[in-house]
Amino acid sequence: MSQPPDKREARSRGNALRAHLSAYGFLAPAGILVLIFFMIPVAIILYLSVTNLASSNFTSDLAKMEFIGLKNYRTLLNDQFARKIFFNTIFYVLFTLSIFNVSLALIVSLLTTHIDRGAGFVFRALWILPRITSPVVYILIWKRMMAEAPFGIINQFNNWMGLPTYNYIATNPWVFVVVVNGFIGLSFGMIIFTSAIESIPRDLLNASLVDGSSKLQRIRYVIMPLIRWPLLFVFTYQTLSLLTSFVEIQLLTDGGPGLYRTEVWSLTAYHRALSNYFGNAQWGYGSAFAVLLVLIGVVLAVIYMRVFRFDELVAEPRVETL
Amino acid sequence: MSSKIRLALVFFLLFGLLAGAAFAQDSVSITVRCKASPPEEDWRCNSFAVVEEQVEAELGIEIDLNLIQDNAGWGDYKNEFVLASEAGEAPDIILSGHEDIGAWAPAGFIIPLDDVIGMHSEFDDIVPSLWDSHGYAGEIWGIPQDAEARPIFYSKLLLRDLGWSEDDIESLPERVAAGEWTFADMLATAEAAIDEGIVDEGNGWWHRPSNGPDFLYYYYGHGGEVIDMEGNMVVDSEALVATYELLGGAVASGVLRSDVIGLDWNEVWHPTVAQADTVLFAAGGTWNWPNWSINYVADKGGDEFLFENIGLTLIPAMATGEAITLTHPLTYMISSGSENPDVALELIAAITTPEHNNKHAIDSFHLGILNAQLESEAYANNRLLSSAHYMLDHTTALPNHPGWNAWSNAYFLGIQAVETGEADAAGAADIAIAQMQNELGDGITVR
């Protein structure tokens, strides 16, 4: 005996609600983490950025902080070096991302998946070393290698060979900032791309060769389209990651030499709010820098999602929706 | 269990609790936080352990002393105290630079000591000029732990190569102190050493490679002031331009390296200067000496090598005509969160004696803080200390002011600009003043 239509409709609504609740239930742990570790801190620094909180009036009681409106933002915009630091950040992200984090990562992945499997594994393991080494040790190695004569290893070789010696990092700080960070970033893309390439069905790859394509043509017309999603993911993730990364720069050049030559936005936020040789750290002013960084990150994330059509990339395969 | 046994157990339990409570009343917990470069500066905290029993006997209490000492970076170290204070977990005694009084006093993290200093005769003997750097808003907020001088180290080895006689070399500190041998003479000597190939270009004079207190004495040496008579922050543009001219001129003439800011302290600066064969003049601090002796020239004879090849003098006179130096006393401050500030001060008083301070002064080559130290045998017989103590008569200090941080960072920007050639002296002064005005607003007066 069939049920009346209104009962069937109610049951269907109930099922849909249960399905939604289960989905939200599964999303809840991640959602709570995002809320605790992103949304709440953002709200707090947003509030701090409209106060004059410093070591000299420090309090954790939000009600006791002195509200100064947009004064920190006015100070920031009037800062004669804010523009320079902003463009430094763009330069740093653009070059590190395009040269190392995506392009070289892809090249290393393609090369190591087209040679003997064991050899490929060894090469990839070597490329991962910068990422698994402690940043302090990693930067010390670079500094020791590049230090001026007679302390640096490269300059020792220069001396032995009768070549001139250089203070490499001070002379070319941007080269080293990009290379040092790029070697770390490269390994992330390499892992993602390699796993994506390895997961392409072998018969598909072999079929293209049987059909007469060269290995380069196979990369261009078979592999690249099939790893579009990981490519876009690495591009987006690494952009946002580079925007907020500063540890290696701090250890290598600390934003110098000279007038903020390699200072990036996140390092400035750190310098202002958390690290000050003479004490009185400017927590409120530093927060204003951090808030703008969050805004830039959110805007870029939205743009990437629209431009790269992430919704299509993560949509159910059409064959499943038939 | 019989009722008698139960009663006895309850009685013993109550007795134990009461006895424990009574005992706890006499036990006082004191935490001391120090920053020190090991091993030469370890007495900063370790001295408290030496006097612990003595203070316990004097006060008739038991002290649960907790010493936390490491060599953390200054920025992290200071933030740690600020956050701990707000969390109610601050150490009872914090050792830090006197300039932190300017931030921590208005924040209420430390307590004024005017009313209690007089209760301890040990403090009567502190060198009077040191108290100047411990005041804020008309009150004293800390007890000096050490003092130092920031001299020019000169290479005797290279001066000999330049043709200086032993008399010329040994009399240099006196001639500098008298204002006879000036900063201009120092730069001219460095230029001559470069011209004659005794040192490479850029190695005539090195200053410190990172921001720090030393840079202020160039500005003071040109008559500049940071705080006016009313306690307000000022910047003297004429002195600022003259300072930048001095630094930029030294780079232009090849005496000073344009990339000296940024050199690694431990990888390049110390090992180079300590050898005495590369850099003619180096602006450092007295505490550098034991560091060099232990870590960089120990294989060459340590102190003996240094005495033979390196001398130290005041910063030669600049525009004001007077040789100067700058002392940056570290100071023991008592947290406002301390439950036992009296005991904390008693402990500080107990180590403020020639006997205890001499250990730190001798091991780390910091200058004594007590007049009596000068008369003590250990201090007077120490060749290094006795050769540098007179510098305290020529000393200057950093200001204690909440705006000092912004002022000094802007001032340092100008130094970086002029030394890297990104601006001339006037341009560098404009950069520094614009930065000060942007960050300090009405809190800075440009003169």
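Author: Two residues are in contact if their C-beta atoms, placed from the backbone, lie within 7 Å. The model is predicted. By that contact rule, 33 residues of chain B are in contact with 28 residues of chain A. Five helices of chain B each supply at least two residues of the side that touches chain A: α3 (74–86), α4 (101–107), α13 (265–275), α21 (404–419) and α22 (425–440). By class, this side of chain B has 13 nonpolar, eleven polar and nine charged residues.

Now chain B as a whole. Its secondary structure comes to 22 helices and 15 strands. The C-alpha atoms of chain B fill a box of roughly 100 × 55 × 40 Å along the principal axes. Chain B has 447 residues, and 51% of them count as buried. Take the contacts in chain B with a separation of 6 or more: 75% of them join residues 24 or more positions apart.

The buried residues of α16(B) are B:V343, B:A344, B:L345, B:E346, B:L347, B:I348, B:A349 and B:I351.

Pick out B:A349. This residue sits in helix α16 of chain B. Why does B:A349 count as buried? The cut-off is 20 or more other C-beta atoms within 10 Å. B:A349 has 20 such atoms within 10 Å, so it is buried.

What does B:A349 touch, beyond its neighbours within four places in sequence? It is in contact with B:H120, B:E122 and B:F123. Then look at B:I143. B:A349 and B:I143 are 206 residues apart in sequence. In space, C-alpha to C-alpha, B:A349 and B:I143 are 8.8 Å apart.

The buried residues of α11(A) are A:P230, A:V234, A:Q238, A:L242 and A:L243. What covers them includes four helices of chain A: α3 (82–112), α8 (173–198), α13 (265–273) and α14 (283–307).

Technical notes. Residues are numbered from 1 along each chain as its sequence is written. Chains are lettered from A and ligands numbered from 1 in the order in which they are written. This is a predicted model: local features need pLDDT of at least 70, side-chain atom pairs count only at pLDDT 80 or more; totals for chains, interfaces and linings use all residues. A residue is buried if 20 or more other C-beta atoms lie within 10 Å of its own, exposed if 12 or fewer, and partly exposed in between; C-beta atoms are placed from the backbone. Ala, Val, Leu, Ile, Met, Phe, Trp, Tyr, Cys and Pro count as nonpolar, Asp, Glu, Lys and Arg as charged, and the others, Gly among them, as polar.
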